Structure formats: C-alpha cells, structure tokens
Amino acid sequence: MAATPTAAQAIALPDKQTNYPPAFAALVAGRLKRKLGDHFGLTQFGINLTELAPGAISALLHHHSQQDEFIYVLEGNPTLILADQEYLLKPGDCMGFKAATGYGHQLINRSKQPALYLEVGDRAKADVVDYPNDDLKAQQLDNGQWGFSHKNGQPY
C-alpha cells in the first residue's frame, strides 16, 4: 500500500524549468511552474501553479492535438492570446482550450505585477503540439516525456 499523501503548500513546491530545446528555452524565462499534480503522483490529469514575472510568457503560442487545457487566474492581469485575438484577464477569469481546434494560445504578462494562475490539462496519450509561429513541434513519447523536432521532423 502506498504512503498516505500529505497536504503541501503549493507555492513552496519546487519549480520546474522548461523542457523546450535550448533555442526556445530563453523565451519562457520569468515563468515559474510548480507541477502540483506530479507532486501527488496524479496520472489522469496535471495541474500546475504558474507564475509569470512582468514581461514573461507562459509558453510559445501553441495548440494540442489530444490534450484539453484549462486556466484559472488567481492574481494579476495576464493577456491571453487566442488565435488572432487578445483578452486582458483578471483574477477569477478562466478559459478552456479544447484539443484539436487549431486555435493557438498563450499568456503574456504585460503588466508591472506578477501574474499567478492554475493550469489544468488531461494526460491524453500520443499528443502532438503545434507551434504555428515557430519551427517547433512536440510529440508525447511512450514514456510520457516530450520529444521536440523541427516541423520537418529533424530532432533538436
């Protein structure tokens, strides 16, 4: 039998650095992502507590083939980029991103204050992530990790 889990202070959990290839990693500097779901060994969905410093982005503009995503703003005023539209968000705002719609999305913190939000996603297998503005493609591998390649399939 597994050990009984104990409660944790989300903000005190270690932050995870990006797994983007080096050519793109600097673009998400200023983003702190705490993988709450992983901390508790959750396998059906992931949940992250993410903080964006002023000027930081959540991710490159992207969309998923298999995985749905959801965000809920806790603090600050990040700007949501969704396809070719922009929305200024505030605490209490939320948004869902259904898989396979082709609508690219990302958050940008253009304010002078940090932004804090929860992001939730399922862990659907064989997900492929398209980055419409960048020469990048991500594919979920059999072990759950992500493999990155150029759009022509050449690995990074």
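From the N terminus on, the elements follow the order α-β-α-β-β-β-β-β-β-β-β-β-β-β, giving 2 helices and 12 strands in the chain. Helices (H or I, at least four residues) and strands (E, at least two) are DSSP runs, numbered from the N terminus. Please keep in mind that this is a predicted model, in which local features need pLDDT of at least 70 and side-chain atom pairs count only at pLDDT 80 or more, while totals for chains, interfaces and linings use all residues. Residues are numbered from 1 along each chain as its sequence is written, and side-chain values use heavy atoms, with hydrogens and water left out.

Let us start with the overall build. The C-alpha trace spans about 45 × 45 × 30 Å along its principal axes. Of the 156 residues, 37% count as buried, where buried means under 20% relative accessible area, exposed over 50%, and partly exposed in between (1.4 Å probe, protein chains only). Among contacts (heavy atoms within 4.5 Å) with a separation of 6 or more, 61% join residues 24 or more positions apart.

Now to the largest pocket, with a volume of about 1,100 Å³. On a 1 Å grid over the protein atoms alone, a pocket is an open set of points where a 1.4 Å probe fits, with protein on both sides within 12 Å along at least five of seven lines; lining residues have an atom within 4 Å of a point. Grid points are joined across faces, edges and corners, and the volume is the space filled by probe spheres set on the points. The pocket is lined by 43 residues, of which Lys 33, Lys 35, Asn 48, Gln 67 and Trp 146 lie nearest its centre. Several elements give two or more residues to this lining, including β1 (31-35), α2 (36-39) and β2 (45-52). Strand β9 provides the largest share, 5 residues.

Strand β9 (residues 115-122) is also the place of Glu 119. This residue counts as buried because its relative accessibility is 13%. Its side chain makes a polar contact with the side chain of Lys 33 at 2.9 Å; a polar contact is a pair of N or O atoms within 3.5 Å, and within protein one must be able to donate a hydrogen and the other to accept it, with residues adjacent in sequence counting only if both atoms are side-chain atoms. Leaving aside neighbours within four places in sequence, the contacts of Glu 119 include Gly 46, Asn 48 and Phe 70.

In strand β8 you will find Ile 108, which is buried at 15% relative accessible area. Beyond its neighbours within four places in sequence, Ile 108 is in contact with Ala 56, Ile 57, Pro 78, Thr 79 and Ile 81.

Finally, two loops deserve a look. Ala 83, in the loop between β5 (79-82) and β6 (85-88), has a positive phi of about 55° although it is not a glycine, and is partly exposed at 37%. Ala 126, in the loop between β9 and β10, has a positive phi of about 60°, again without being a glycine, and is exposed at 52%.
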